[in-house]
Every structure is written in structure tokens, then in C-alpha cells.
Amino acid sequence: MTKPAVAAESLVALGATERRLDAYANYEIALGTLRISRALPVKGRRLIGPWCFLDRFGPLSFTEGMPMDVAPHPHMGLQTVTWLLDGEVVHDDSLGQEAILRPGGVNVMTSGHAIAHAERTPADNSGRLNGVQLWTALLDRDRHRAASFQHVTAVPVLEPRGGIVRVFSGGLAETVSPAEHFSDLVGADLQIHRDETLEIPLRRDFEYGILVLTGDCHLDGQPLRERVLYYLGMQRTEAAFASHGGARLLLVGGPPFPEAILMWWNFVARTPDEISEARDDWERGLRFGDVTAYKGSRLAAPELVRLARPNPVS
Ligand code: MN
């Protein structure tokens, strides 16, 4: 069987220093039997703060089988953040940790130098699946740390005029998620009630992105569509989202990431050698450990066809 080939991408922050409202269409990919809409990285927009990856899965209903069944695979140099609107996902990792994620909670896995995990729909399920998975790149000072996993059952919820704000990562105004992160960032789910406007405070030194999860909404007088990532730039002190029928939005942000990263498959690194060493270690069963709770074979690494050096920022 021919393994799929993946080329490494070098990613640098292209943080705008001013307000923007740039639109980037998502693209569809298959993850096993699950169709995914990928919002980050996309051509022209690779990072928003430390956020380097954003996949949207669902909404879908099912009557049999497991729509999410991602076999054990390795990670390095990043954190994974899983957030659900509906349904449930079981996480198992090579530290022996297992957690069932449900709406309102968040799973944050810090890969550090090495971890492996699997994510699947549990046998006992609601027959629905709807959510996102994000990655944050770890700074050079943090990326070799020991792996860890954190399950937060209920993230902080704010109910300002016009909607509901759920802060799953970082902070928004005075509200801070208990999820552990290693650099400044925010990840939040913004719910706008029908015929209302939700205004949220933003930081001038953060760049922000918005993904419409469901519903209709306007920002700066412009309609925002589903399956499109909107880049808001920096220098904003607030944003007001107006909706007629109600909406859910994903907000991500942070200071422009100060380091150039190299991203290949499930690894975030700095040099091509680090990527090929990590790939070899996974293929030889070294470093990343085993996900013993998962019954079935693990994912094989793709072929490494092209590995460009990261472009220095200057
Ligand atoms: Mn993963």
C-alpha cells in the first residue's frame, strides 16, 4: 500500500499590525470516514497568535459506527485543544490517561517533546458529533517539556448582554480558563442570541480570527459566512457581533507568534532534522509510547517527500 506523502510547511507569523477583515475559505479533507473542514493553516494565513491548526468536524448525526476513530498517532512541539458543541469524544494517550469530553468541557494535551494519543466516538454516545480541534505551537522554551494532559469538565461561562461566552483557553477580559497554556492566547466560543448584538473586549496587542460555527452574524457591517476563516488583524479594543437568527462563533487570538516554525504531519519543529528524527522514532516504536487503551493498529507516518528549511522572518 502506498502511504500518502506530506510536504513540510514552514510557517511564520504574518501578523497584520492594523485592523483587518480578511476572508480565507476552509477546505474539505477526509480524516478516516469523517469529513473535516480545515480552517488553519490555509494559504496566506498560517498562524493566528500561537494557533497553528483548526479543524471543524460535524455537525452530523449517526445511527451506527463511530464517525470519529483516529487511531494512535504522535505529536511533538504543540498542544491539542478539543472543544465540542455536541456529542462526545474519548481521548486516550500514551501517558495512560483517558477522558470523555462533552460539550462545555475542554481537553488540552501538551505534547512537549513526545506523546501519542487516539480520539474516537465512545460506544455509548448521543448519535451526534459537532466540534473543533485546534493546535497551539509551543515556544522554543516550552516545546521540549514533558507531555501532559488536562481534562476540564466545565469551562468558565460569561453571560453578557446579547449572548453567552465560553472561554476554553486563555482569558477574555477577567475570565480565565483553567486550561494550562504556556503563552498568551485566547480561545472562546461566542453565542449570540437571536436579534441581539454581542460585544466583547479585545486586546490591541493580539491578532484574532473568527470561524462561524453555526448561524448568521455580522461584524463591521459585513456578513460572516460558515466555512470561512476571518482574520481580524490587531489594534482592536472590541468587536460587536450582530445576529438575526442566533449564531455560534469560534474566537482565537494571541500576540503574533515570535518564532518561525516547521510543521509536518502532527509535528511542530524548527529544523528538518527534528522532523525526520521524530518520524523515524514513531516508525520504530521509540519515544512516543503506546496508547494501550486503543484496540487496533496505530497510524503509519506519511512519506517525507519534501522538507524545506523554514524561512527566517528577516
Ligand atoms: Mn492528534
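Tyr-208 is buried, because its relative accessible area is 2%, and buried here means under 20% relative accessible area, with exposed over 50% and partly exposed in between (1.4 Å probe, protein chains only). This is a predicted model, where local features need pLDDT of at least 70, side-chain atom pairs count only at pLDDT 80 or more, and totals for chains, interfaces and linings use all residues. Residues are numbered from 1 along each chain as its sequence is written, and side-chain values use heavy atoms, with hydrogens and water left out.

Tyr-208 belongs to strand β20, residues 207-215; strands (E, at least two residues) and helices (H or I, at least four) are DSSP runs, numbered from the N terminus. Its side chain reaches the backbone nitrogen of Arg-203 at 2.7 Å. Setting aside neighbours within four places in sequence, the contacts of Tyr-208 include Ile-48, Val-186, Tyr-230, Tyr-231 and Leu-251, where contact means heavy atoms within 4.5 Å. Arg-236 is 28 residues from Tyr-208 in sequence, and their C-alpha atoms are 9.1 Å apart in space.

## Strand β9 and its two partners

Let's move on to β9, which spans residues 89-93 and has five of its five residues buried. Val-89, His-91 and Asp-93 point one way, while Val-90 and Asp-92 point the other way. As a rule, side chains in a regular strand alternate between the two faces of the sheet.

Strand β9 runs antiparallel to β10 (residues 98-101), and four bridges join them; strands count as paired if DSSP finds at least two bridges between them. Asp-92 stands opposite Glu-98 of β10. The hairpin of β9 and β10 has four residues between the strands, and Gly-96 takes a positive phi near 85° there. Strand β12 (residues 115-120) is also antiparallel to β9 and joined to it by four bridges, with Glu-119 as the bridge partner of His-91.

Asp-93 sits in β9 and is buried, yet it has no salt bridge: the nearest side chain of opposite charge is Arg-120, 12 Å away. For a salt bridge, a side-chain nitrogen of Lys or Arg must be within 4 Å of a carboxyl oxygen of Asp or Glu. In the charge assignment, Lys and Arg count as positive and Asp and Glu as negative, while His and the chain ends are not counted.

What does the side chain of Asp-93 make a polar contact with? The partner is the side chain of His-91, at 2.7 Å; a polar contact is a pair of N or O atoms within 3.5 Å, and within protein one must be able to donate a hydrogen and the other to accept it, with residues adjacent in sequence counting only if both atoms are side-chain atoms. The Asp-93 side chain also reaches the backbone nitrogen of Gln-97 at 3.0 Å. Beyond four places in sequence, Asp-93 is in contact with residues including His-117, Phe-149 and Asp-290.
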